[in-house]
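Reader: I would like to learn how to read a few features of a structure with you. Could we take them one by one?

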Amino acid sequence: MDFPHNHSTNSLSPSSSSTSSSTARQPPPSSTTTTTATDNDPMHSWWESVSKQRSRILSLSYLLPSDGTTLSSLADSDRPALSLLSSPAAYSLISSALSSPTSGSGSDPLCQWLYETFQSSDPHLRLLVHSFLPILSGTYLSRIHTSDSSSLPSLSGFEAVLLAVYSSEVKSRSGKPLLVQIPDLSQPSLYHAPRNKPADDRSRQSVGVLSPPLEPHLDVKSTKRAVIVGTALDCYYKQVFQMPAWSKLDFCAFAAAWAGQDCPCRTKLDGDDHDNHESGNGNSNGHDHFFRKDSGFSNGRRSRDGDDVGSEDDVIKDVVVEMDNLGINKEDAENLEKKGVRIPLPWELLRPVVTILGHCLFGPSNSQDVKDAASIAIRCLYARASHDLAPQAILALQSLIRLDKSARAAAKAAATVVANAPSNANTPSKAKKPEILLVSK
């Protein structure tokens with residue numbers, strides 16, 4: 001069908017024709033300009049973020065109907081994701097669901113919610129998923145290493161969340177390794193001047209590889225499991241200063257359990273050799289005394305022939321003795337052990353664990369409970385590293401133990417000074433002003 005032609009257009013004057021053509025060439029109002037103005041509006045961006053967070057939290061309340069009112073009330077706040085992050089009741093509810101015997105499968109709705117929430121571009125929603133990485137990775141590794149291979153349940157839900165976090169880190173690193181600059185004491189710095197004249201040799205600067213380049217993975221294989229979980233814990237460490245205390249406590253509990261809950265000597269933690277160590281009645285020579293005073297562990301080393309010099313029991317008992325000396329309750333250690341089981345600890349997994357424990361131990365905003373839990377965990381891991389003869393772990397954990405002991409000793413000395421300060425009520429705190437006597441003439 002032909003469209004009819006309008007012949008009247010030919011009778012228009014040139015001026016009117018040019019005006020009409022110029023009008024016809026003007027583009028319609030573009031929606032791009034409107035979208036750009038909307039994106040630059042901070043109020044619109046804030047409201048869009050809040051709406052997205054509320055939608056995700058409300059969907060979570062439908063998955064956990066037992067206490068949906070708590071989650072619904074958090075969704076109504078001005079910062080829904082951060083309100084959920086700082087709610088101990090909500091964290092306990094979600095962590096209980098993650099640690100239930102039926103969790104972690106491919107059809108687990110909570111794992112699907114964590115996976116979809118992490119895919120969001122909202123940083124607060126991603127931070128919320130990071131806070132559950134300790135309970136998720138701890139439960140996952142404990143089940144992997146306790147279940148029989150023939151009766152191993154499906155844990156694809158846990159693995160999907162871990163792979164999502166791992167893939168985001170692979171993308172952010174862009175195939176580059178994590179490097180650390182090793183200081184060279186022969187070169188001057190802000191804090192020292194070398195005794196000898198430094199040689200102007202830039203090639204002497206050494207660089208250590210903290211983590212090699214990451215390879216993308218579509219599934220979790222047994223040979224790559226430690227790398228994937230360790231990388232996820234690296235992502236947790238990047239946000240650890242924003243993590244709530246209960247998330248850090250869960251991590252310390254799993255770290256202590258990973259060191260060796262299933263070890264037979266762990267049942268002898270309540271040893272009664274505390275008095276023997278303090279009185280010096282133990283069968284130890286000067287080297288043993290130095291080793292105990294230096295690191296908190298008297299045994300657990302090996303001879304040059306590879307034989308154990310001390311029994312495994314004494315190493316773990318010394319952990320308890322050190323806890324007593326530092327004022328840490330042994331019942332806290334027993335509570336930490338209930339979180340997981342002994343697992344293999346390759347350096348790819350142990351390195352981020354030690355790094356996170358270092359923050360939990362010395363973070364200025366951490367509570368005393370977190371510091372005590374980390375103190376217990378590093379001593380358990382040190383005993384495990386001594387048994388496994390892992391030199392990297394031994395050096396790192398021994399340094400943390402020394403710093404922890406010195407920090408606690410300084411705090412104890414400061415508390416003693418405050419307690420022994422004179423508190424005589426008659427002692428003036430300030431010098432009295434001279435009295436002025438008015439004498440009348």
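Author: A salt bridge here is a side-chain nitrogen of Lys or Arg within 4 Å of a carboxyl oxygen of Asp or Glu. Please keep in mind that this is a predicted model, in which local features need pLDDT of at least 70, side-chain atom pairs count only at pLDDT 80 or more, and totals for chains, interfaces and linings use all residues. Residues are numbered from 1 along each chain as its sequence is written, and side-chain values use heavy atoms, with hydrogens and water left out.

Reader: Which residue forms a salt bridge with Lys 238?

Author: Glu 169 does, and the closest N and O atoms are 2.8 Å apart. This pair links distant parts of the chain, since Lys 238 sits in helix α11 (residues 225–238) and Glu 169 in helix α10, 69 residues apart. Helices are DSSP runs of H or I with at least four residues, strands are runs of E with at least two, and both are numbered from the N terminus.

Reader: Is Glu 169 buried or exposed?

Author: The general idea is a cut-off on relative accessible area: buried means under 20%, exposed over 50%, and partly exposed in between, with a 1.4 Å probe and protein chains only. Glu 169 has 4% relative accessibility, so it counts as buried. Lys 238, at 45%, is partly exposed.

Reader: What does Arg 173 form with Asp 234?

Author: Arg 173 and Asp 234 form a salt bridge, with 3.8 Å between the closest N and O atoms. Because Arg 173 lies in helix α10 and Asp 234 in helix α11, the pair ties together parts that are 61 residues apart in sequence. Arg 173 counts as buried at 7% relative accessibility, and Asp 234 counts as buried at 9%.

Reader: Where do the side chains of Asp 372 and Arg 408 lie?

Author: Asp 372 is in helix α18 (residues 368–388) and Arg 408 in helix α19 (residues 391–419), so their pairing ties together parts 36 residues apart in sequence. Their side chains meet in a salt bridge of 2.8 Å, N to O. Asp 372 has 14% relative accessibility and counts as buried; Arg 408, at 15%, counts as buried.

Reader: Which residues do salt bridges that share partners join into one network?

Author: Glu 169, Arg 173, Asp 234, Lys 238 and Arg 351.

Reader: Now backbone angles, please. What is phi of Ser 174 near?

Author: Most residues other than glycine have a negative phi. Phi of Ser 174 is near 60°, a positive value in a residue other than glycine. Ser 174 lies in the loop between α10 and β1 (178–182), and at 54% relative accessibility it counts as exposed. Leu 389, in the loop between α18 and α19, has a positive phi too, near 55°.

Reader: And helix packing: at roughly what angle do the axes of α6 and α9 cross?

Author: Axes are lines fitted to C-alpha atoms, for helices over the stretch in contact, and angles run from 0 to 180 degrees between N-to-C directions. The axes of helix α6 (residues 88–98) and helix α9 (residues 133–144) come within 10 Å and cross at roughly 20°. That makes α6 roughly parallel to α9, given that angles under 35 degrees count as roughly parallel, over 145 as roughly antiparallel, 65 to 115 as roughly perpendicular and the rest as oblique.
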